[in-house]
Amino acid sequence: MITSGKGGARRQAVKGLALAGALSLTLAACGSGDPEPADPNGKITLSVTVWNLAKTPEFKALFDAFQQANPNITIKPVDILADDYPEKVTTMLAGGDKTDVITMKNVTDYSRYSSRNQLLDLTDMVKSTDTSKLAGLDAFDVGGKYYALPYRQDFWLLYYNKTLLDKAGVKLPEPMTWDDYVKIAKQLTSGEGGDKVYGAYHHTWRSVVQAVSAAQTGGDQLGGDYTFFTDQYNVAKGLQDAGAVLDFGTAKSQQADYRTQFESGKTAMMPMGTWYISGILEAKEKGATDVEWGLAPMPQRPGATGVTTFGSPTAFAVNKRSEHADAAKKFVEFAASKAGAEAITKVGVVPALQTPEITEAYFGLKGMPEDELSKKAFEPDKVVLEMPVSEHTSDIDTILNEEHELIMVGDKSIADGIRSMNERVKSEVLN
Amino acid sequence: MTQAMTRPLPPAAPPRRRRSWRNILVGWSFILPNFIGFALFTLVPMLAAFALAFLDWDSYSTPEWVGLENFERLWRDQNFHVALRNTLFYAAGHIPLTLAVALGLAIVLDRKIRGVQFFRTAAFFPYITSLVAVAVVWNMLFNPTAGPINQFLEAIGISDPPRWVASTDWAMPAVIITSVWRDMGYYMVLYLAGLQTIPREYYEAARVDGAGAWQRFWNVTLPCLRPTTFFVLVMLTIQSFKVLDLIVVMTDGGPGRSTLVLAQLVYREGIREGQFGYSSAIALVLFLIVLTVTVLQFRLNERRSTS
């Protein structure tokens, strides 16, 4: 009797808990369905997910500008550690979090969230505004629908050390092919041991070879046939064998920092993304380096017309559960607009909106190079998405990266490495 | 009610019964704080991981029962085969080498020599040094072009020294060397403790019988250390099979897949790809391997101690 009584009590307690749980769930569900506050002049607090707020000045610049233009809206950043950002946002969205604006750090995550139906459809907004000058928008096209609008577009170009080039009497040809690049890099290499100056520095990321190659040859990184990488590997491997770039094995095992490589004045040329501009401006401002630098367009395949490079956009999206959807949309639109672009240009970040005025404003920043070639580098004719998005992206990325390492450390010949990419992607992923 | 139930029983029974109940309750209350922690943070997650191996779950959608599908996929997955081979390679290098070096160090430092405390501390130091620091510094030493190790090898006349972490053949040996260096101090301490338990009389008797240093080591030291060796061996085996941290920091599985190990594959598939079911299946296989090896070691030990 006693035990049964106890059991009854326990059962009741469990029931009570379950009821409370169900109740809170229903309440949460109700909350997410709440309509906008009717009063348009009422104060609204808009929450936005960001990463490393203190070290990513573009967010503050953008928020300040937006709040100034919309005094009734206050922005509350939700700061997340950059390395944990994708996992954290995935968990938040899965858990029914109601943060209004979600920053899309990369296109891969965007495709996940949009396919899970966690983002608000922004197609109408995209259709109703002039997006012809908004670079990187195509990456967010999901079967004709858009769930995010890019505000930032980084792309790759060539950084060079003016002092080293002047000393060697080298002038970068225009347009520059990869053959020219190889020749100049070899010419600029000098010295031995600790004093060695390298003609170029290739960072260890596979994109340095593979994404460039895909963008400029039109090859498909998800296709399963990677013969189109061959020419670019010949460039990278040729320079490495000639001792004109820091050896891949060393760079990888020493976890070489590309900033140090360039800012120490020991590297004459370096293909890298535009995000580094704000970094190098800051380093010079602080006096951490005295390197005289310039920008040039990415070298091209022989016979190419125009400048093709690769890059990746960053965008804002509206959470489907947002309670302030209109204000959130307003913010997304603002970030992609001229006003938003001007705000982030001031901190050295490359906006997605590309107009001559913005470029002018960008090069007006203190410390920017002033020559024509640098400005030209800033307006590539075509920016291809660094890595196309599909359900296979992550698996293929891993394979391409592993084989890239094997080719670059000299464990496999270029042909063998590419053959093994083809085989592995076909048998392990696409089959 | 209690009284009503117990009334028909013999008069001596109720207190004893009550006492035994109370004893049980008291006993439980003593282990409860610990047991709740164990159940909540060890037992439940372990059982959940076991169940997950038979599910398809990406941490946000509803888990789906897939039976043995994860294991079939495992069987076909090249990455798993590579990781398994690499893990066995690592274990085959790490276990005997660490054992030998730790035993050697313990025997050397068991003597009454000057500054023995200092040397013992020095040998133990790598074990309490931050692993990331250890990995970064060893990576510098192993630098194929400008590292001290290769400069030394070149100085003594080896014209083509290994490229260590920058080559698929030498990356794993480099990791093994680093891990032996790091772990030797800990196992040395265990062996030192084992050596203290060997009675001096055995050595004296052996010496009287005319046994040399080598014979004394072989016939007195080693047999007396068997319990310690067994413990060290089991610990080393478990440690070797679940190696992850050192490899992640030193090579991250590279170059290519040459140092990819099972624990890393578990992490990659689970945390990075969000395939928790598949990842749990790999973890389960890893667990079974370690279990089999450990049970074998226990059996062997039993047989030897009875013979």
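## Ground rules

Residues are numbered from 1 along each chain as its sequence is written, while chains are lettered from A and ligands numbered from 1 in the order in which they are written. Because this is a predicted model, local features need pLDDT of at least 70 and side-chain atom pairs count only at pLDDT 80 or more, whereas totals for chains, interfaces and linings use all residues.

## Chain A at a glance

Chain A has 18 helices and eleven strands. Both are DSSP runs numbered from the N terminus: helices are H or I, at least four residues, and strands are E, at least two. Its C-alpha atoms fill a box of roughly 90 × 55 × 40 Å along the principal axes.

Of the 431 residues of chain A, 42% count as buried. A residue is buried if 20 or more other C-beta atoms lie within 10 Å of its own, exposed if 12 or fewer, and partly exposed in between, with C-beta atoms placed from the backbone. Take the contacts in chain A between residues at least 6 apart in sequence: 77% join residues at least 24 apart. Here a contact means that two C-beta atoms, placed from the backbone, lie within 7 Å.

## The largest nonpolar core

The largest nonpolar core has 167 residues. Such a core is a set of buried Ala, Val, Leu, Ile, Met, Phe, Trp, Tyr and Cys residues joined through C-beta atoms within 7 Å. The members that touch the most others are Ala148(A), Ala200(A), Phe316(A), Phe331(A), Val332(A) and Ile282(B). Helix α8 (residues 171-196) of chain B gives the largest share of this core, ten residues.

What does Phe331(A) touch, leaving aside its neighbours within four places in sequence? Phe331(A) is in contact with Leu46(A), Phe66(A), Val101(A) and Phe316(A).

## Two helix pairs in chain A

Helix α14 (residues 338-345) and helix α15 (residues 356-363) of chain A pack at about 15 degrees, with axes 10 Å apart. Therefore α14(A) is roughly parallel to α15(A). Axes are lines fitted to C-alpha atoms, for helices over the stretch in contact, and angles run from 0 to 180 degrees between N-to-C directions. Angles under 35 degrees count as roughly parallel, over 145 as roughly antiparallel, 65 to 115 as roughly perpendicular and the rest as oblique. Ala341(A), Glu342(A) and Thr345(A) of α14(A) meet Ile358(A), Ala361(A) and Tyr362(A) of α15(A). By class, this contact has four nonpolar, one polar and one charged residues. Ala, Val, Leu, Ile, Met, Phe, Trp, Tyr, Cys and Pro count as nonpolar, Asp, Glu, Lys and Arg as charged, and the others, Gly among them, as polar.

Helix α2 (residues 57-69) of chain A also meets α14(A): their axes come within 8 Å and cross at roughly 140 degrees. The two helices are therefore oblique to each other. From α2(A), the contact takes Glu58(A), Ala61(A), Leu62(A), Ala65(A) and Ala69(A). From α14(A) come Ala339(A), Gly340(A), Ala343(A) and Ile344(A). The classes are seven nonpolar, one polar and one charged.

## Backbone details in chain A

A cis peptide bond joins Glu174(A) and Pro175(A), with omega about -5 degrees. Pro175(A) sits in the loop between α6 (162-167) and α7 (178-188) of chain A.

Asn52(A) is not a glycine, yet has a positive phi of about 35 degrees. Asn52(A) lies in the loop between β1 (44-51) and α2 of chain A. With 13 C-beta neighbours inside 10 Å, Asn52(A) counts as partly exposed.

## Where the chains meet

The contact takes 18 residues from chain A and 20 residues from chain B. On the side of chain A, α3 (85-94), α10 (248-253) and α17 (393-408) each supply at least two residues. The largest share, five residues, comes from α17(A). The residues on this side divide into five nonpolar, six polar and seven charged.

## Features of chain B

Helix α13 (residues 262-272) of chain B has several buried residues, among them Leu262(B), Leu265(B), Val266(B) and Glu269(B). Its buried residues pack against α4 (78-108), α12 (245-250) and α14 (276-306) of chain B. Gly274(B) follows α13(B), and its phi is positive, near 70 degrees. Asp252(B), in the loop between α12 and α13 of chain B, has a positive phi of about 50 degrees although it is not a glycine.

Pro161(B) lies in the loop between α7 (148-155) and α8 of chain B. Pro161(B) is partly exposed, with 16 other C-beta atoms within 10 Å.
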